[in-house]
Amino acid sequence: MPTTFKEIPRERPVTPLLDRADTPHGLRRLGEAELETLADELRLELLYSVGQTGGHFGAGLGVIELTIALHYVFDTPDDRLVWDVGHQAYPHKILTGRRARMSTLRQKDGVAAFPRRSESEYDTFGVGHSSTSISAALGMAIASRLQGSERKSIAVIGDGALTAGMAFEALNHAPEVAADMLVILNDNDMSISRNVGGLSNYLAKILSSRTYSSMREGSKKVLSRLPGAWEIARRTEEYAKGMLVPGTLFEELGWNYIGPIDGHDLPTLIATLRNMRDLKGPQFLHVVTKKGKGFEPAEVDPIGYHAITKLEPLNAPAAQKKISAPKYSGVFGQWICDMAEADSRLVGITPAMKEGSDLVAFSERFPERYFDVAIAEQHAVTLAAGMACEGSKPVVAIYSTFLQRGYDQLIHDVAVQNLDVLFAIDRAGLVGEDGPTHAGSFDLSYLRCIPGMLVMTPSDENELRKLLSTGYLHTGPAAVRYPRGTGPNAVIEASLDTVEIGKGVVRRQGQGVAILAFGVQLAEALVVAEKLDATVIDMRFVKPLDEALVSEAAANHELLVTLEENAVMGGAGAAVSEFLARANILKSVLHLGLPDVYVEHAKPAQMLTECGLDAKGIEAAINERLALIG
């Protein structure tokens with residue numbers, strides 16, 4: 001069984017087996033007796049690597065043995081291995097030729113936080129959002145069959161991802177097309193005691209063996225000629241398996257279910273995978289693992305150790321204490337508690353983001369009004385719609401990139417019916433090291449085209465609180481988008497006051513240039529304005545746009561500059577130009593925002609610089625445009 005470590009190593013560990021097995025070809029040259037030692041070395045290497053860079057590692061620690069077994073048994077990369085989400089894929093990256101580059105994990109131009117097709121031939125499908133692996137592996141399996149190929153397709157799904165409807169859509173489809181594929185459920189939310197584990201492992205070996213499979217298929221052919229006998233046999237088999245293993249649901253869907261087995265027992269994993277490798281049709285293997293396995297602090301606190309920041313050197317000078325500004329998510333967390341205290345109709349909904357969206361205090365203070373729907377964004381939105389129909393006031397706390405997954409429900413179930421649902425959209429804009437799959441680059445574009453939608457962009461912590469209250473008390477659907485991290489440490493008023501809908505605020509009066517800031521880029525705009533003596537307007541609302549203020553700015557300035565941390569295409573700046581065109585106002589307009597590319601992972605400040613959205617870039621772009629217009 002795995003060795004348990006108590007500390008993250010600060011020096012690179014000695015790993016003689018891993019040195020020989022940092023590619024699957026090298027791994028497959030090892031003897032089976034060496035693999036448990038390799039697992040210990042890989043676990044130490046993962047601890048060391050993430051300690052140097054920071055990142056997700058709890059889920060990765062839990063799949064060390066499974067990752068080794070998969071690459072040992074299957075002929076990757078020819079056999080297609082698809083990881084769900086990607087939080088669990090760091091051991092996979094270490095074993096597939098990227099070990100030397102793990103020190104660049106999540107850094108600019110370095111190894112990505114999630115599997116990426118452009119990074120390695122072993123990353124067969126790019127991920128970031130959950131619950132896509134079964135659909136992708138099914139597509140690969142069908143394509144292989146059409147091409148006459150014998151390559152295998154394996155999906156590894158876990159870490160809560162099986163709660164999403166998309167996963168069950170794929171589970172329902174695969175038996176219909178008789179796909180030859182394997183789905184592995186990495187179940188890290190339950191444990192197996194020793195006696196049950198031994199029985200489960202024994203059953204898995206029996207149920208996955210060719211002998212059992214042949215007997216089962218042979219019995220079907222014989223007994224199918226005797227309908228009564230076959231029905232008795234089928235019911236007996238289902239009863240026996242239902243009593244011994246929790247596979248009835250998957251069997252009813254048409255999958256051959258095996259398990260649950262201990263995901264940290266390498267010999268059993270390898271034997272079971274070998275048995276299942278050549279079985280025909282949809283195969284489902286239930287593997288039970290422990291998140292954070294082998295690292296004592298993570299085993300005790302798997303949520304707290306889902307990810308870590310990098311370790312500071314022991315001899316590093318003490319960092320100067322910074323002024324502690326509240327995080328935007330923290331401002332939201334306090335606001336929802338205050339508003340719930342004031343209004344008993346308020347209910348809070350989140351798709352598995354309690355900690356990230358700072359709903360912990362709300363869930364504890366108002367448990368009967370808190371609903372975590374798991375990784376099911378579409379359901380979260382329509383659940384809110386149903387509640388709103390009955391007079392509740394739902395607040396959906398959701399990341400910008402995750403709301404994309406519930407877009408049809410946002411339009412069809414909420415907006416078309418003009419229901420009172422407030423979307424508190426966290427992680428808007430560039431989010432840093434997690435990269436483009438997690439960036440909130442498009443919410444202003446996809447929200448403002450929806451009729452009746454109120455769309456707001458607070459510029460600091462106090463504005464966030466005001467606009468949340470404004471959206472909550474508004475009749476109809478409303479959205480407030482705010483970034484990850486901290487703001488400028490604005491003084492936060494304790495009231496639940498609102499602001500006038502559709503009205504912006506002039507924050508600095510200047511001349512020549514008017515900067516129309518949508519959101520937290522207001523701070524950079526004010527820095528630039530001091531150098532250029534420009535006017536700065538905090539627009540607050542993307543929809544409805546403050547058309548009167550835009551008209552006034554156009555009449556009194558030579559150049560209008562729109563500023564947003566959203567895609568320029570279809571964003572807030574586009575709304576300004578569309579209004580000017582409708583009003584037949586001819587004015588030079590410069591749109592600054594995210595370019596028409598996926599901005600790669602880096603530190604947030606690096607990403608803003610790359611996009612020209614730091615003060616230096618904004619000033620340079622304005623001066624360039626002023627030079628053109630003379």
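**Close-up views of a predicted protein chain**

The protein chain exposes about 26500 Å², of which carbon and sulfur atoms supply 54%; accessible areas come from the Shrake-Rupley method with a 1.4 Å probe, and for residues only the protein chains shown count as cover. This is a predicted model, in which local features need pLDDT of at least 70 and side-chain atom pairs count only at pLDDT 80 or more, while totals for chains, interfaces and linings use all residues. Residues are numbered from 1 along each chain as its sequence is written, and side-chain values use heavy atoms, with hydrogens and water left out.

**View 1. Overview of the chain.** The secondary structure comprises 26 helices and 19 strands; helices (H or I, at least four residues) and strands (E, at least two) are DSSP runs numbered from the N terminus. Of the 630 residues, 56% count as buried, where buried means under 20% relative accessible area, exposed over 50% and partly exposed in between (1.4 Å probe, protein chains only). Among contacts with a separation of 6 or more, 77% are accounted for by residues 24 or more positions apart; a contact means heavy atoms within 4.5 Å.

**View 2. Helix H26 and the elements it packs against.** Helix H26 covers residues 615–629 and has 15 residues. From first C-alpha to last it reaches 21 Å, close to the 21 Å expected at 1.5 Å a residue; the expected span is 1.5 Å times one less than the number of residues. Gly-617, Ile-618, Glu-619, Ala-621 and Ile-622 are buried in H26. The buried residues of this helix pack against strands E15 (512–518), E18 (557–567) and E19 (588–594) and against helix H22 (522–532). Just after H26, Gly-630 takes a positive phi of about 75°.

**View 3. Aromatic pairs.** The whole structure holds 11 aromatic pairs; rings of Phe, Tyr and Trp (its six-membered ring) pair if their centres lie within 6.5 Å, and planes under 30 degrees apart count as stacked, over 60 as edge-to-face and the rest as tilted. Tyr-257 and Phe-284 form a stacked pair, 5.9 Å centre to centre with 20° between the planes. This pair links distant parts of the chain, with Tyr-257 in strand E5 (residues 256–262) and Phe-284 in strand E6 (residues 282–288), 27 residues apart. Tyr-257 is buried, with a relative accessible area of 0%, and Phe-284 also counts as buried at 0% relative accessibility. Phe-362 and Tyr-370 form an edge-to-face pair, 6.4 Å centre to centre with 70° between the planes, and both are buried. Ring pairs link Phe-250, Trp-255, Tyr-257 and Phe-284 into a cluster.

**View 4. Cis peptide bonds.** A cis peptide bond joins Gly-259 and Pro-260, with omega about 0°, and Pro-260 lies in strand E5. The bond from Lys-543 to Pro-544 is cis, with omega near 0°. Pro-544 lies in the loop between strand E17 (541–543) and helix H23 (547–556).

**View 5. Positive phi in residues other than glycine.** Asp-109 has phi near 65° and is found in the loop between helix H6 (90–98) and helix H7 (133–146). At 68% relative accessibility, Asp-109 counts as exposed. Ala-352 also has phi near 65°; its loop runs between strand E8 (346–350) and helix H16 (360–365). At 28% relative accessibility, Ala-352 counts as partly exposed.
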